[in-house]
Amino acid sequence: MHSLKKTSILTLLFTLYLLSLLTFASSQVNATTLNAAASNLSPSVTIRVDHFIEIRDGGLVVINDTVKLSTQTGENASLINSFLIGFPFEFYPEHCFANDSQRSLEVFPDVGLGRLGFYGAKVIFPQSVNISNGRSYSFTVVFVFSNLIEPSTLETGEAGWNVTFPLYPSIIQEASSCLVKVFLPKNATYESAGKSFSITSLGSRQILNLTKTPLTSFTSESGWVTFREPTFLMLEAREMIREIILDEWGRIFCSESYSLINNGATEITSLKIRVPQDTYGISAKDKTDGSLSVSLQTGNATAPTNATIFFATPIQRNAESTFTVTYWLPWKNYVNQYSWRDHNLAFAFFERQNFDWIIRKLTTTIILPEGADFIQLPTLPEDLRSKTHSSLQRNALQEVLTFNFYNVTPFHDLNFNLSYGYIIFWASFRPTLWVGAIVAIVCAVAFLWQLPKRPAVPITPVPSKDLRSFVDAYEKKTDIIS
């Protein structure tokens with residue numbers, strides 16, 4: 001008993017020792033990260049941030065943080081290679097990316113800021129930035145959120161919407177100023193907010209404005225706004241399936257199946273989606289194969305082509321609806337033949353302008369004509385590689401390539417290029433096969449018809465009187481034997 005008690009005490013002491021080591025190591029890592037990040041900018045660098053929050057009709061909230069780094073004339077600053085920015089940890093984005101005035105910038109998402117309770121993103125500059133002696137440099141980091149908007153009931157009893165967001169960005173240095181703007185959806189009306197905003201307008205949009213001077217390091221503050229917009233959509237695509245079929249007759253057929261959840265306050269009677277500019281032969285049906293009415297509004301170089309789907313049964317609140325849209329596209333606009341056999345297909349896994357909501361699962365299938373084979377598969381964009389699963393199926397006559405993407409936003413790069421080989425004579429393969437089969441059957445019948453027939457056995461007719469005499473004689477013979 002004494003030995004057991006001693007062993008338990010030793011185990012407890014060893015566990016406490018390990019925990020202390022882990023705590024010390026964690027604090028050292030955080031301190032190192034913080035010091036490294038803090039030393040990234042010289043004290044002479046002035047930081048200004050524009051923190052713009054856009055609420056999109058569809059349910060997405062997009063935050064654009066434009067950071068401007070500058071110095072005064074005669075001041076020197078260390079070269080800048082990266083920048084850390086984030087917000088309180090309860091806000092987790094679906095996607096983030098960055099760019100400056102000339103190019104896209106590399107971003108490492110989900111990194112620490114050197115202090116617990118924050119989500120951070122690290123922006124990497126391709127070349128060291130020099131802002132000494134009055135120079136400046138600006139870049140923008142974009143964060144895309146879902147699930148920040150909820151239905152609410154206004155004081156008047158009307159239906160409204162409440163959106164919660166990080167009121168300020170969280171950075172590890174103090175910024176001289178932070179301009180906050182909240183862009184409400186088109187035709188929305190501001191009702192209330194957790195801060196005192198000034199209100200301006202831009203077309204049919206109301207904009208809420210606020211300035212924070214200075215913005216202290218590691219600011220962690222949430223904001224909220226309530227607005228009213230009767231036709232505001234709140235959609236979530238549980239799954240979307242797209243088939244791109246290239247047939248042997250030089251046509252492209254597209255089929256898009258939508259599984260949408262209406263998280264809004266009202267039922268949805270129609271939905272507008274964008275389709276490629278040169279779409280023709282469009283149609284739609286619901287999951288019961290019932291035909292749906294479709295109106296196609298053809299666009300031009302500056303205006304997109306839209307298809308409005310009218311539902312036979314409105315999509316109720318918190319209900320899911322499944323429907324399919326099909327259409328044709330001209331071959332010459334998407335396929336380029338650069339040799340007698342080799343072809344290139346330039347397309348999109350899905351039209352980025354097609355939606356303003358989150359797609360939880362996007363499946364895109366590319367089906368080649370019979371007899372074609374893939375030469376070069378699409379090179380996936382960097383922001384999609386970590387959330388993609390692909391498969392290639394081959395059978396005797398056809399190849400099928402399938403991609404599954406997860407948590408896709410309209411800001412992902414969904415364009416792709418692939419190469420495949422195809423000989424045009426394959427277009428006549430099946431007709432030739434059918435004609436050959438028919439010819440073979442006809443020839444077989446003709447051959448059997450021409451075979452020599454066996455000679456017929458001659459039949460000699462017997463008079464009925466002779467037959468009757470034979471029967472009578474046979475019966476007399478039977479009686480005699482008996």
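Which residues does Ser255 touch, not counting residues up to four places away in sequence? They are Ile241, Arg242, Glu243, Thr324, Val325 and Thr326, where a contact means heavy atoms within 4.5 Å. This is a predicted model, in which local features need pLDDT of at least 70 and side-chain atom pairs count only at pLDDT 80 or more, while totals for chains, interfaces and linings use all residues. Residues are numbered from 1 along each chain as its sequence is written, and side-chain values use heavy atoms, leaving out hydrogens and water.

Ser255 belongs to strand S16 (residues 251-262); strands are DSSP runs of E with at least two residues, numbered from the N terminus. Ser255 counts as buried because its relative accessibility is 14% (buried is under 20% relative accessible area, exposed over 50%, partly exposed in between, with a 1.4 Å probe and protein chains only).

Let's turn to the nonpolar cores. Such a core is a set of buried Ala, Val, Leu, Ile, Met, Phe, Trp, Tyr and Cys residues joined through side-chain atoms within 4.5 Å. The largest has 54 residues, of which Ile47, Leu69, Phe83 and Phe139 touch the most other members. Another core, of 50 residues, lies apart from it and includes Val275, Tyr334, Ile359 and Phe416. Beyond its neighbours within four places in sequence, Leu69 has contacts that include Leu41, Val45, Ile80 and Tyr137.

Finally, have a look at Arg115, which lies over the face of Phe218 at 4.0 Å from the ring centre. A charge sits over a ring if NZ of Lys or CZ of Arg is within 6 Å of the ring centre and within 35 degrees of the ring normal.

Technical notes: Helices (H or I, at least four residues) and strands (E, at least two) are DSSP runs, numbered from the N terminus.
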